[in-house]
Amino acid sequence: MKYPEPVLQPITDTDDNYRVKEDFTHPTRVGSVTVRAGFISDGASLPINLGWSHWDAETAAAAVLHDGLYESELVMRSAADIVLRETMRRHGCSRFRTCTYLFFVRTLGWLVWRKHTPESVAKARKMVSVKG
């Protein structure tokens, strides 16, 4: 099965952030997730440089979905992390690379999660939805 890829536009004043150019819908274990045009993602970023791109065919869809689910808090952190893992694998990412990303989001993701405010969550929920 061919899975959809997000259409992304680089944001010129940042190194790694991209804007979703068109609404992006992807089937996941938590339901059909839609990330709307205009949403900004930092890609599959890691706290250390392992020489992997933040944006490639194996990680782009997973990064956009994961960032959207994290920022909107529409699902629990653990469910968003499962979506990251399943989407990376569906898009051809190796088990090693997938497990490395999963290790970092499970270990350090709470640092991002705890910075959320009611305002930031409300803003993200205008850009992300889950159906089913």
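Author: Two strands pair if DSSP finds at least two bridges between them. The model discussed here is predicted.

Reader: What makes β3 and β4 a pair?

Author: Five bridges join β3 to strand β4 (residues 31-35) in the antiparallel sense. At least two bridges are needed, so β3 and β4 count as paired. Within this pair, F24 stands opposite V35 in β4. Two residues lie between β3 and β4, which form a hairpin.

Reader: What makes β2 and β5 a pair?

Author: Strand β2 (residues 18-20) runs antiparallel to β5, and two bridges join them. The definition asks for at least two, so β2 and β5 qualify. R19 stands opposite I40 in β5. These two strands belong to an open sheet of three strands in the order β1-β2-β5, with antiparallel pairing.

Reader: Why do β1 and β5 stand at the edges?

Author: β1 (8-10) and β5 (40-41) each have a single partner strand, so one side of each lacks a neighbour in the sheet.

Reader: Which side chains of β3 point to the buried face?

Author: In strand β3 (residues 24-28), the side chains of F24, H26 and T28 point to one face and are buried.

Reader: Why are α1 and α2 called roughly antiparallel?

Author: Helix α1 (residues 60-72) and helix α2 (residues 77-90) pack at an angle of about 170 degrees, and their axes are 8 Å apart. Angles over 145 degrees count as roughly antiparallel, so α1 and α2 are described that way. By class, their contact has ten nonpolar, two polar and two charged residues. Among the residues that meet are L65 and Y70 in α1, and L84 and M88 in α2.

Reader: How do you know that Y70 is buried?

Author: Y70 has a relative accessible area of 6%. Buried means under 20%, so Y70 is buried.

Reader: What makes Y70 and W113 an edge-to-face pair?

Author: Their ring centres are 5.3 Å apart, with 90 degrees between the planes. Rings pair if their centres lie within 6.5 Å, and planes over 60 degrees apart count as edge-to-face. Y70 and W113 therefore form an edge-to-face pair. Because Y70 lies in helix α1 and W113 in helix α3 (residues 95-113), the pair ties together parts that are 43 residues apart in sequence.

Reader: Why is the pair of F103 and F104 edge-to-face?

Author: The ring centres of F103 and F104 are 5.2 Å apart and their planes stand at 75 degrees, so the pair is edge-to-face. F104 has a relative accessible area of 17% and is buried. The structure holds two aromatic pairs.

Definitions and conventions. Residues numbered from 1 in each chain as written. Predicted model: local features only at pLDDT ≥ 70, side-chain atom pairs only at ≥ 80, totals over all residues. Heavy atoms only, no water. Helix = DSSP H or I, 4+ residues; strand = E, 2+ residues; numbered from the N terminus. Buried < 20%, exposed > 50% of the residue type's maximum accessible area, 1.4 Å probe, protein only. Axes fitted to C-alpha atoms, helices over the stretch in contact; angles between N-to-C directions. Parallel < 35°, antiparallel > 145°, perpendicular 65-115°, else oblique. Contact = heavy atoms within 4.5 Å. Nonpolar A, V, L, I, M, F, W, Y, C, P; charged D, E, K, R; others polar. Phe/Tyr/Trp six-rings, centres within 6.5 Å; stacked < 30°, edge-to-face > 60°.
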